[in-house]
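Hi,

Here is the structure I promised to pass on. Have a look at it first, and then read my notes below.

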Amino acid sequence: MKRLVCLASFLALAASAFAAEPYTLDRSGVFWKVEASTSGAVLVGVKNGEEVVRSLVSFPLGIAGQNDSNLQLVADELTGKVVLAWQRNWSEAYSDVVLAVWNQGQWERVSYLGGNASLRPRNPVLKLAQATSTYPDPEDPEKTVTVSESFALLTWWQGDGDQQGARLAILRLAASPDEDDALSVREVVSSPGIGFNCPQPLSSEAVERPTFAAEPPGPVSHLLVASPSTCLLFVHEIRLELDNPQTEEGGLGVVAMRRRHTPIFGVRRVLPVPQGLAAEGTRVVLGPDAQPVLYRVLPDRVSYTVATPQGWSEARTLQVGPELPLDKAIALVENLAR
């Protein structure tokens, strides 16, 4: 039972610690935030203390009692777009997950992703991914072509019982809204091929909070998802790689070469249930070797545990004091992730 409680706490608190925030600052100096109003989600932009943007998202709420929750956003410097995500609650039994894109003063996209409100799509988490690659210029082998792209990654949970699971949406931000393959949605499978069956059902907090590891925008992202049937934690990897050349017929019969990044999926780690971390404020960091570090910040110390090839380490502490300030203690612990 203790192991089940610990897993529930770990997933729920990791999600809250590293989910995208309802505000961000872009490199042009605009402070963006998304607010919930009685009419729906509102995007606000402030620069140098002056409000420069205020826009209600298209398709506002229309019935009393409906509301938006889990609001968050990211700003992409490559495209200049601001991406919003939130949970739209139609009633206690019906909801959806919404993804919206603000571009150059207007709403470029507002997409409802759940597909079935009765499945109660819920707990969305938003992340930005970016990739830059080079390849030989097909017209001049002595030159190279650089491709830089951004993607919005959005995960959430939906369904109940045997029909529940995580979903992942990937939006290619460089694409125009009318491109059919700009937005894709897939099921995140946590196969029970190894491990053991849960001795009893996990609580909803244990399985309904998929979350991304704390990583800066880059070509590799990691998604942590619990398996309701095995009490195991799966670390999924999403890697953006440059695809093979594609050809297009030009207006004069010229064949053009076009390449772009494609997401590649895989499972990096399967972890046993962490023990001894059923406490508020737990955070997770993940290094390139997919061996997480979990830690809690306490008044006088940082409590942490690290993943090893054999499982989780025992709980450890790092004392905070005049010689080791809190910010430096956190940095030392986070550096253990590898």
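One term before anything else: a residue is buried when its relative accessible area is under 20%, exposed when it is over 50%, and partly exposed in between, using a 1.4 Å probe and protein chains only. Please keep in mind that this is a predicted model, where local features need pLDDT of at least 70 and side-chain atom pairs count only at pLDDT 80 or more, while totals for chains, interfaces and linings use all residues. Residues are numbered from 1 along each chain as its sequence is written, and side-chain values use heavy atoms, with hydrogens and water left out.

The overall picture

The protein chain has 338 residues, and 47% of them are buried. Its secondary structure comes to three helices and 23 strands; these are DSSP runs numbered from the N terminus, with helices being H or I over at least four residues and strands being E over at least two. Among contacts (heavy atoms within 4.5 Å) with a separation of 6 or more, 51% join residues 24 or more positions apart. The chain exposes about 16600 Å², with carbon and sulfur atoms supplying 50% of that; accessible areas come from the Shrake-Rupley method with a 1.4 Å probe, and for residues only the protein chains shown count as cover.

Salt bridges

The whole structure holds 17 salt bridges, each being a side-chain nitrogen of Lys or Arg within 4 Å of a carboxyl oxygen of Asp or Glu. One of them joins Arg268 and Glu237, whose closest N and O atoms are 2.9 Å apart. Arg268 lies in strand β18 (residues 261-271) and Glu237 in strand β15 (residues 232-242), so this pair ties together parts that are 31 residues apart in sequence. Arg268 is partly exposed at 32% relative accessible area, whereas Glu237 is buried at 11%.

Another salt bridge brings together the side chains of Lys33 and Glu35, at 3.4 Å from N to O. Lys33 is partly exposed at 28%, and Glu35 is partly exposed at 26%. Both belong to a salt-bridge network that links Lys33, Glu35, Glu51 and Arg54.

Then there is Arg301 with Asp300, where the closest N and O atoms are 2.8 Å apart. Arg301 is partly exposed at 29%, and Asp300 is partly exposed at 36%.

Strands β5 (residues 67-75) and β6 (residues 82-89) pair in the antiparallel sense over seven bridges; strands count as paired if DSSP finds at least two bridges between them. Val74 has Val83 in β6 as its bridge partner. Six residues sit between the strands of this hairpin, and Gly80 there takes a positive phi near 75°.

Asn123, in strand β9 (residues 122-137), is buried at 11% relative accessibility. What does its side chain reach at 2.6 Å? That would be the backbone oxygen of Glu208. Leaving aside residues up to four places away in sequence, Asn123 touches Asn70, Gln87, Thr155, Trp156, Glu208 and Arg209.

On the surface

Tyr23, Leu25 and Phe31 make a nonpolar surface patch of about 320 Å². Patches are made of residues with over 30% relative accessible area and no salt bridge, with like charges joined within 9 Å and nonpolar side chains (Val, Leu, Ile, Met, Phe, Trp, Tyr) within 5 Å. Leu25 sits in strand β1 (residues 23-25) and is exposed, at 59% relative accessible area.

Cheers

Key. A polar contact is a pair of N or O atoms within 3.5 Å; within protein, one must be able to donate a hydrogen and the other to accept it, and residues adjacent in sequence count only if both atoms are side-chain atoms.
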